[in-house]
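Q: I'm new to this one. Can you walk me through it, piece by piece?

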Amino acid sequence: MDIKDIFLQLTQYTTPEGNETDLEQYLPSSYRNDPYGNYYVEIGDSNTMFTSHLDNKCDEVEEVIHVFKNDIIKTDGFTILGADDKAGVSIMIDMIDNEVPGLYYFFLGEENGRKGSKSLKDISKKDKVFSNINKVISFDKQGY
């Protein structure tokens, strides 16, 4: 599927924390869940982890009206687009579809306290499951 189509599907509705399961239908079918519930996919043998998050900073699920202006995708101004971090999720799904080696993590509850990534820190300390990872590329970054 085209990356723009992935993005448009992911941003049809806002995704408040606790509603991330609504997006399972768009994730690669090979996903698994860690003990916290975060989604992840492993492709090949790699020492690189890619991360993004599924939730938006909002209180309720709302339909998003997309507005297209040249090459820019916006909303009608009454809802949030959720490009933070649906753009990152779209990139990661495209990378998985193209079998780029790596560990891909889709976090839950990041907008309200980085809950998913904090839980991963605790999981990895206990189980040492990510001992081969020495690079993390996060598609959710403030500023430049």
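Q: Is Thr-15 buried or exposed?
A: Buried. This is a predicted model, and in it Thr-15 has a relative accessible area of 2%. The cut-off for buried is under 20%, so Thr-15 qualifies.

Q: Where is Thr-15 in the chain?
A: Thr-15 sits in the loop between H1 and S1.

Q: Which side chain does the side chain of Thr-15 make a polar contact with?
A: That of Lys-86, at 3.0 Å.

Q: What else does Thr-15 touch, leaving out residues up to four places away in sequence?
A: Glu-20, Leu-23, Leu-54, Asp-55, Asn-56 and Cys-58, along with Lys-86.

Q: And Thr-11, where does that lie?
A: Thr-11 is in the loop between H1 and strand S1, which covers 32-33.

Q: Buried or exposed, that Thr-11?
A: Buried. Its relative accessible area is 0%.

Q: What is Thr-11 in contact with, beyond its neighbours within four places in sequence?
A: Val-64, His-66, Leu-81, Gly-82 and Lys-86. With His-66 there is a polar contact between the side chains, at 2.7 Å.

Q: How many Å separate the C-alpha atoms of Thr-11 and Ile-91?
A: The separation is 14 Å. Along the chain, Thr-11 and Ile-91 are 80 residues apart.

Q: Let's move to the helices. How do H1 and H2 pack?
A: H1 is residues 3-10 and H2 is residues 83-97. They pack at an angle of about 135 degrees, and their axes are 9 Å apart. That angle makes H1 oblique to H2.

Q: Is the crossing of H1 and H2 left-handed or right-handed?
A: The H1 and H2 crossing is right-handed.

Q: Which residues in H1 and H2 meet?
A: From H1, Ile-3, Ile-6, Phe-7 and Leu-10. On the H2 side they meet residues including Ala-83, Lys-86, Ala-87, Ile-91 and Asp-97.

Q: Which residues of H1 are buried?
A: Ile-6, Phe-7, Leu-8 and Leu-10. What covers them includes S4, S5 and H2.

Q: What happens at the start of H1?
A: Asp-2 reaches in there. One of its side-chain oxygens comes to within 2.9 Å of the backbone nitrogen of Lys-4.

Q: You mentioned S4 and S5. How many bridges join S4 to S5?
A: Four, between S4 at residues 66-69 and S5 at residues 72-75. The two strands run antiparallel. In this pairing, Val-67 stands opposite Lys-74 in S5.

Q: What does Asn-70 do in the hairpin of S4 and S5?
A: Asn-70 takes a positive phi near 60 degrees. That hairpin has two residues between the strands.

Q: New topic: the open sheet. What order do its strands have?
A: The order is S1-S2-S6-S3-S7. That is five strands with mixed pairing. The edge strands are S1 and S7, each pairing on one side only.

Q: How do S1 and S2 run?
A: S1 and S2 are antiparallel, joined by two bridges. Arg-32 stands opposite Tyr-40 in S2. Their hairpin has five residues between the strands, and Gly-37 there takes a positive phi near 115 degrees.

Q: How many of the residues of S2 are buried?
A: Four of its five, which leaves S2 mostly covered.

Q: How do S2 and S6 pair?
A: S2 and S6 pair in the antiparallel sense, over five bridges. The bridge partner of Val-41 in S6 is Tyr-104.

Q: In which sense do S3 and S7 pair?
A: S3 and S7 pair in the parallel sense, over four bridges. Thr-48 has Lys-135 as its bridge partner in S7.

Q: So which strand holds Thr-48?
A: S3, residues 48-53. Thr-48 is buried, at a relative accessible area of 10%. Its side chain has a polar contact of 3.4 Å with the side chain of Asn-47.

Q: What does Thr-48 touch, not counting residues up to four places away in sequence?
A: Gly-102, Leu-103, Ile-133, Lys-135 and Ile-137.

Q: Last one. Which strands does H2 lie across?
A: S2 (39-43), S3 and S6 (102-107). H2 runs at about 140 degrees to S3.

How values were computed. Residues are numbered from 1 along each chain as its sequence is written. This is a predicted model: local features need pLDDT of at least 70, side-chain atom pairs count only at pLDDT 80 or more; totals for chains, interfaces and linings use all residues. Side-chain values use heavy atoms; hydrogens and water are left out. Buried means under 20% relative accessible area, exposed over 50%, partly exposed in between (1.4 Å probe, protein chains only). A polar contact is a pair of N or O atoms within 3.5 Å; within protein, one must be able to donate a hydrogen and the other to accept it, and residues adjacent in sequence count only if both atoms are side-chain atoms. Contact means heavy atoms within 4.5 Å. Two strands pair if DSSP finds at least two bridges between them. Axes are lines fitted to C-alpha atoms, for helices over the stretch in contact, and angles run from 0 to 180 degrees between N-to-C directions. Angles under 35 degrees count as roughly parallel, over 145 as roughly antiparallel, 65 to 115 as roughly perpendicular and the rest as oblique. A crossing is left-handed if the near helix is turned anticlockwise from the far one by less than a right angle, and right-handed if clockwise.
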